[in-house]
Amino acid sequence: QVQLVGSGGELVQAGGSLRLSCAASIRPFGAYAVAWFRQTPGKEREFVAAISGSGAQSYYTDSVRGRFTASRDNAKATVHLQMNSLKAEDAAVYYCAAKFTNIDSTFWTVATAYATWGQGTQVAVSS
């Protein structure tokens, strides 16, 4: 069974940076597209970023583009989300999700496309 473990969330001041990590127990990890979603109480899970299996392609929601960067180390089966210039509206529980694909350029921006999820890591931003 595929497992994902998210980590790295904490309280940070507005304008600061955080690096989230998602460690996977799957091989070959490069066959999986990985996405980050976030959720706040009472709201639906929101797409944040996705990265293709090889890491060659990534995609971001408009509100984080230019501030967040997704990367991956397939040898270590780990994906990172570097978050810079954090804003109060970035505060949420962040989830990583993975989906097998045999087409490297493919990834998905809807939560229902992903069957495998990490447990979530809390990001809080103080103003």
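How much accessible surface does the protein chain have, and what share of it belongs to carbon and sulfur atoms? The accessible surface comes to about 6,300 Å², and 48% of that belongs to carbon and sulfur atoms; accessible areas come from the Shrake-Rupley method with a 1.4 Å probe, and for residues only the protein chains shown count as cover. This is a predicted model, in which local features need pLDDT of at least 70, side-chain atom pairs count only at pLDDT 80 or more, and totals for chains, interfaces and linings use all residues. Residues are numbered from 1 along each chain as its sequence is written, and side-chain values use heavy atoms, with hydrogens and water left out.

**Overall build**

- The protein chain holds 0 helices and 11 strands (DSSP runs numbered from the N terminus: helices are H or I with at least four residues, strands are E with at least two).
- Along its principal axes, the C-alpha trace spans about 40 × 25 × 25 Å.
- Of the 127 residues, 45% count as buried (under 20% relative accessible area, with exposed over 50% and partly exposed in between; 1.4 Å probe, protein chains only).
- Among contacts (heavy atoms within 4.5 Å) with a separation of 6 or more, 60% come from residues 24 or more positions apart.

**An open sheet**

- An open sheet is formed by 4 strands in the order E1-E3-E8-E7, with antiparallel pairing (two strands pair if DSSP finds at least two bridges between them).
- Strands E1 (4-7) and E7 (68-73) stand at the edges with a single partner strand each, so one side of each has no neighbour in the sheet.
- E7 and E8 pair in the antiparallel sense over 6 bridges, and Ser 71 stands opposite His 80 in E8.

**Asp 90**

- Asp 90 is found in the loop between strand E8 (78-83) and strand E9 (92-100).
- Asp 90 is buried, with a relative accessible area of 0%.
- The side chains of Asp 90 and Arg 67 are joined by a polar contact of 2.7 Å (a pair of N or O atoms within 3.5 Å; within protein, one must be able to donate a hydrogen and the other to accept it, and residues adjacent in sequence count only if both atoms are side-chain atoms).
- A polar atom of the Asp 90 side chain lies 2.8 Å from the backbone nitrogen of Lys 87.
- Leaving aside neighbours within four places in sequence, Asp 90 is in contact with Arg 38, Val 64, Arg 67, Phe 68, Ser 85 and Val 123.
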